Amino acid sequence: MKLFSLTLISVVCCFISSCDGNIYLVHISNGDNPDAGTNANVSITMYGDKSTSPTIPLLVKLGDTMQYGYKDSFQVFTEDVGNIKKIRIERDVIGNSRAWYIDSFLISDLEKGALYKFLCNRWLTVNDGDTKFVAELVGYQTD
């Protein structure tokens, strides 16, 4: 819950100060394997040709978020990073699942109408003793 409060405060402050921000929709396609889901804490950082976003937690609702076969979507408000070139996905080892299979990420920049695709097609897993797993994915803009 603390992460939700901090995220909400940064969004409100950004609107008040009229900062140059964008709304992004982050779409995650999880794998079809029954063990492919995760209930870990997941965050994203976007690297663009203008700037890099802060690390943004993808706040999950209770229930079936990020489960196998699901396509999950998250709305994110942050500074305009320009054309997104790369994303960094981080997950911790909270929860039951030690692995998570991701097919792909799609990010829609609602301000510009741009769509970016990041293929993953692999397991994101942590070894015993690790506390976090990080993956960096290079993407491309689609039509």
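Buried means under 20% relative accessible area, exposed means over 50%, and partly exposed is what falls in between, with a 1.4 Å probe and protein chains only. The model is predicted, so local features need pLDDT of at least 70 and side-chain atom pairs count only at pLDDT 80 or more, while totals for chains, interfaces and linings use all residues. Residues are numbered from 1 along each chain as its sequence is written, and side-chain values use heavy atoms, with hydrogens and water left out.

**Overall make-up**

- Reading from the N terminus, the order of elements is α-β-β-β-β-β-β-β-β-β.
- Of the 143 residues, 40% count as buried.
- The accessible surface comes to about 8,000 Å², and 54% of it belongs to carbon and sulfur atoms; the areas come from the Shrake-Rupley method with a 1.4 Å probe, and for residues only the protein chains shown count as cover.
- Among contacts (heavy atoms within 4.5 Å) between residues at least 6 apart in sequence, 73% join residues at least 24 apart.

**The open sheet**

- Five strands make up an open sheet in the order β4-β1-β6-β7-β9, with antiparallel pairing; two strands pair if DSSP finds at least two bridges between them.
- At the edges are β4 and β9 (140–142), each of which pairs on one side only.
- Neighbouring strands of this sheet are turned by 30° against each other on average, direction ignored; the axes are lines fitted to C-alpha atoms, for helices over the stretch in contact, and angles run from 0 to 180 degrees between N-to-C directions.
- Seven bridges hold the antiparallel pair β1 and β6, and N30 has I102 in β6 as its bridge partner.
- β6 and β7 run antiparallel and are joined by 10 bridges, with A99 opposite T125 in β7.
- These two strands, β6 and β7, form a hairpin with four residues between them, and G113 in the turn has a positive phi of about 75°.
- Between β7 and β9, which run antiparallel, there are three bridges, and L115 stands opposite T142 in β9.

**The nonpolar core**

- A nonpolar core is a set of buried Ala, Val, Leu, Ile, Met, Phe, Trp, Tyr and Cys residues joined through side-chain atoms within 4.5 Å.
- The largest such core has 25 residues, and I44, M46, I84, I87, F105 and I107 have the most contacts inside it.
- At least two core residues come from each of β1 (21–30), β2 (42–48), β4 (71–79), β5 (84–92), β6 (99–109), β7 (114–125) and β8 (132–138).
- The strand that gives the most is β7, with five residues.
- Not counting residues up to four places away in sequence, I87 touches I44, T45, M46, Y47, F105, I107, F118, A135, E136 and L137.

**Salt bridges**

- A salt bridge here is a side-chain nitrogen of Lys or Arg within 4 Å of a carboxyl oxygen of Asp or Glu, and the count by this rule is six.
- D80 pairs with K50, their closest N and O atoms being 2.9 Å apart; D80 is in the loop between β4 and β5 and K50 in the loop between β2 and β3, 30 residues apart.
- K50 counts as exposed because its relative accessible area is 53%.
- D80 also meets K112 in a salt bridge (2.9 Å, N to O); K112 lies in the loop between β6 and β7, 32 residues from D80.
- K112 has a relative accessible area of 40%, so this residue is partly exposed.
- R88 and E136 form a salt bridge at 3.0 Å, N to O, linking strand β5 to strand β8 across 48 residues.
- Both partners are partly exposed: R88 has a relative accessible area of 25%, and E136 has a relative accessibility of 39%.
- Salt bridges with shared partners join K50, D80, D109 and K112 into one network.

**Around P54**

- P54 lies in the loop between β2 and β3 (56–57), and counts as partly exposed because its relative accessibility is 42%.
- P54 and E79 are 25 residues apart in sequence and 8.7 Å apart in space, C-alpha to C-alpha.
- Leaving aside neighbours within four places in sequence, P54 is in contact with I44, T45, T78 and E79.
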